[in-house]
Each structure stands twice: as C-alpha cells, then as structure tokens.
Amino acid sequence: MEMKIAIVTDSNSGITQREGKELGISILPMPFMINDQTYFEDIDLTQEQFYQMLQDGADISTSQPSPASVTDLWDELLKENDAIVHIPMSSGLSSSYQTAAMLAEDYDGRVQVVNNQRISVTQRQSVLDAIQMAGKGWTAVQIKEKLEEVKFDSSIYITVDTLKYLKKGGRITPAAAALGTLLRIKPVLQIQGEKLDAFSKVRTMKQAKVTMLTAMQKDLEVRFQDAGAKHTHLEIAHTQNEEMAKEFKEELLALYPGADIVISPLSLSVSCHIGPGSLAIACSKEVEM
C-alpha cells in the first residue's frame, strides 16, 4: 500500500501559489508587516506592490507564518494524506523551522519538518526533489533524511545594486554603507546554507558577474566534482531585474551548453534586505535517488 505524502513549503522558495497548485503542493505565504499592516506574499502582496512600497520608504519587516496557519494546513492535509514533508526556509535565516519542528512534535511522526538550510531557488529545488522522491514511493522520513543529508550541496552568490537596504536592515554599518556608496562598491554576498555572508567587493556589475561566475565554476569543479554542470541544477534569481537575469542566462549557457537554467524572482523576504536591482546565481547538486 503506497503512502500518500503531502509536500508543504513556504513562499520563500519562490514557488507561487499558482505553481504550487500545478505541482500539487501547498505553499504557506510569508507574512510581511508594512506600515503596521500585515500582508501575505503572493496572496494580497504582489512583487510590484512590494517594490513600490519599498521604494516609497515604507517600514517593512518580515515575520513567520503563525503557528495556527501552519497546523490548520497540516490538519487539512492529513485528512487525505498519510504524512507531510514540510520544507521551510533555512533555520539560519528565520525561526520558521524551529517553530514548525516544535509544532510537529504533536503529530506522532506524521509531519516531518526538514532542516534544509536553503532559500529561494535552492529551496525550490529541494521541493522539486521531494516531489520526485514521493513519486518514487519514498516515505516522509526517508525524504527528510535525504534532503538533510544533501542540504549543503548548494550555493548562492548575490550582488546588490544599492547598499541602502543592507544598511537599513543592520546588515552593514552606516559608515560602511556611506563609504561603499562613495566608492561605488558592489558587494557580492553568498548564502552557503546558514546565512547571508560577505564574499567579495567589486566596482561594477560586470565585475560582479565575473566574480559570481568564477565562484560558481570553482564550486562545480571542487565541491561538486562536476565541472561541466552535467549533474548540477543551475539557477538565476533577481530582484526586479529580469532583463539582466536573461542576459546572465545567455552568458551561463555559453559556459554550460545544454544546462537547464531556471530564472526566478528572489523571494520577498530576501528582497527586503537587499532591495531592487540585484542579481544572483545559484547551483544545487542533483540528488541521487
């Protein structure tokens, strides 16, 4: 008797509500407090509205789904499914994982919360991997164990267009932001599982792209032993920067012909810390199933 497994993730994965329906999975919308009002990503807050509010200097802070919204969804799904695999954003970036893991203790093992250490396009890939494993008859526990085993087999490099939002969110000091703006410095940041970290500093978007591509090539060769990216998913993400993302995709395809490269907008919880005009490149190693 094959187990019916439901897959749940949050909107930090960049998977929209519509895509979630097409994939047959549930997407918990991330809540945002904007000028003391609560909005939910992709429910009553579009990418366009969000960037407009950000540009207008609105007071924006991220929150996590309420415990009740999580358990209500689980209860509903468990009426028709044997188990749930819940894939929240990285525990290094939010307490969503800790909250969900605690709530799952009341579900006698029927809800498996994955500490996957990913966000955006790499989290999205974990969700797609989970769907595939469930389709092959894996149990919820097996899927959780596999996703946690491979969680660090991914990499994201991001360059930002402005230092304003990193300063606003306290990610860099006002002095560093002022100096960086004066010297026209573009930081290249990285997410290697746990959190957003500095990686390098450059002056132009062109240099930033070269820096990110070089870092990615090194990861493919050294970490993933896959220089030709034959067994690695390549991804591009951006904040309101689709034209540049498409150009970047062409540059990537020139290096890795035949690669299947996904372009996605970065989830809003990342965007509010880095602002519009950013560009990111990511890779996730294929999971052996």
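These legends accompany close-up views of one predicted model. Residues are numbered from 1 along each chain as its sequence is written, and side-chain values use heavy atoms, with hydrogens and water left out. Because the model is predicted, local features need pLDDT of at least 70 and side-chain atom pairs count only at pLDDT 80 or more, while totals for chains, interfaces and linings use all residues.

**View A. The open sheet holds four parallel strands.** Follow the order E2-E1-E6-E7 across the sheet, where the pairing is parallel. Strands (E, at least two residues) and helices (H or I, at least four) are DSSP runs numbered from the N terminus, and two strands pair if DSSP finds at least two bridges between them. Strand E2 (26-28) and strand E7 (111-113) stand at the edges with a single partner strand each, so one side of each has no neighbour in the sheet. On average, neighbouring strands here are turned by 20 degrees against each other, direction ignored; axes are lines fitted to C-alpha atoms, for helices over the stretch in contact, and angles run from 0 to 180 degrees between N-to-C directions. Look between E2 and strand E1 (residues 5-10) for three bridges in the parallel sense. Asp10 has Leu28 in E2 as its bridge partner.

**View C. Strand E8 is mostly covered**. Six of the six residues in E8 (residues 154-159) are buried, that is, under 20% relative accessible area, with exposed being over 50% and partly exposed in between (1.4 Å probe, protein chains only). Ser154, Ile156 and Ile158 point one way, while Ser155, Tyr157 and Thr159 point the other way.

**View D. Strand E8 pairs with E13 and with E9**. Six bridges join E8 to strand E13 (residues 279-285) in an antiparallel arrangement. Strand E9 (residues 186-191) is also antiparallel to E8, over four bridges. Thr159 is a handy landmark: its bridge partner in E13 is Leu279, and in E9 Thr159 stands opposite Val188.

**View E. Cysteines Cys272 and Cys283 are both buried**. Cys272 counts as buried because its relative accessibility is 11%, and Cys283 because its value is 0%. With a disulfide defined as a pair of cysteine sulfur atoms within 2.5 Å, the count comes to zero.
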